[in-house]
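Welcome! Here is a short briefing to read alongside the sequence and the 3D view.

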Amino acid sequence: MLYVWLLCALEPQVATSVTGKSIETRPKTAHDLRKSIENLYCFNNRAQIQYNRTALRTTTKRSSKMIDYLRKMKGYADNLATVGDFVIESELVSCTLSGLDI
Ligand SMILES: *[C@@H]1O[C@H](CO)[C@@H](O)[C@H](O)[C@H]1NC(C)=O
């Protein structure tokens, strides 16, 4: 019952990701299904964190406008915060300063 409810609550694409494997590895209980959903989201979060962290450290201002550069850097920090990986202010300032080509 809970299994079906969980499955129905998922976006079709997510449902396929968690059940679309072979019949042997398909989650059989609500507990298995929950684990499988958690793994999927943890994996995606890790990828998002890694991308946004790298972007924060490697983005440089170059010829972009200062306001656009600052918005972009703030955006990466906000993105990280939405997945629970908070960037402390001093780190954001340090990354932003090192991205200036001066
Ligand atoms: C960066 O983080 C945001 C918010 O968590 C996410 O939506 C976005 O996909 C991430 N970027 C990449 C390329 O993973």
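At what angle do helix H3 and helix H4 pack, and how far apart are their axes? In this predicted model, H3 (residues 30–58) and H4 (residues 66–82) pack at an angle of about 150°, and their axes are 9 Å apart.

**The H3 and H4 pair**

- Angles over 145 degrees count as roughly antiparallel, and H3 and H4 are therefore roughly antiparallel to each other.
- The crossing in which H3 passes H4 is left-handed.
- On the H3 side, the contact is made by Ile49, Asn52, Arg53, Ala55 and Leu56; H4 brings Met73, Tyr76, Ala77, Asn79 and Leu80.
- Sorted by class, this contact of H3 with H4 has seven nonpolar residues, two polar ones and one charged one.

**Around the ligand**

- If you look around the ligand, you will find Ala47, Gln48, Tyr51, Asn52, Asn79, Thr82 and Val83 surrounding it.
- H3 and H4 are the elements that give two or more residues to this shell.
- H3 provides the largest share of the shell, with four residues.
- By class, the shell has four polar residues, three nonpolar ones and no charged ones.
- Asn52 of H3 and Asn79 of H4 take part in the helix contact, and both are also among the residues surrounding the ligand.

**The start of the chain**

- An unreviewed UniProt entry lists residues 1–16 as "signal peptide".

Methods. Residues numbered from 1 in each chain as written. Predicted model: local features only at pLDDT ≥ 70, side-chain atom pairs only at ≥ 80, totals over all residues. Axes fitted to C-alpha atoms, helices over the stretch in contact; angles between N-to-C directions. Parallel < 35°, antiparallel > 145°, perpendicular 65-115°, else oblique. Left-handed = near helix turned anticlockwise from the far one by under 90°. Contact = placed C-beta atoms within 7 Å. Nonpolar A, V, L, I, M, F, W, Y, C, P; charged D, E, K, R; others polar. Near = placed C-beta within 6 Å. UniProt positions renumbered as here; feature names shortened; annotations may be inferred.
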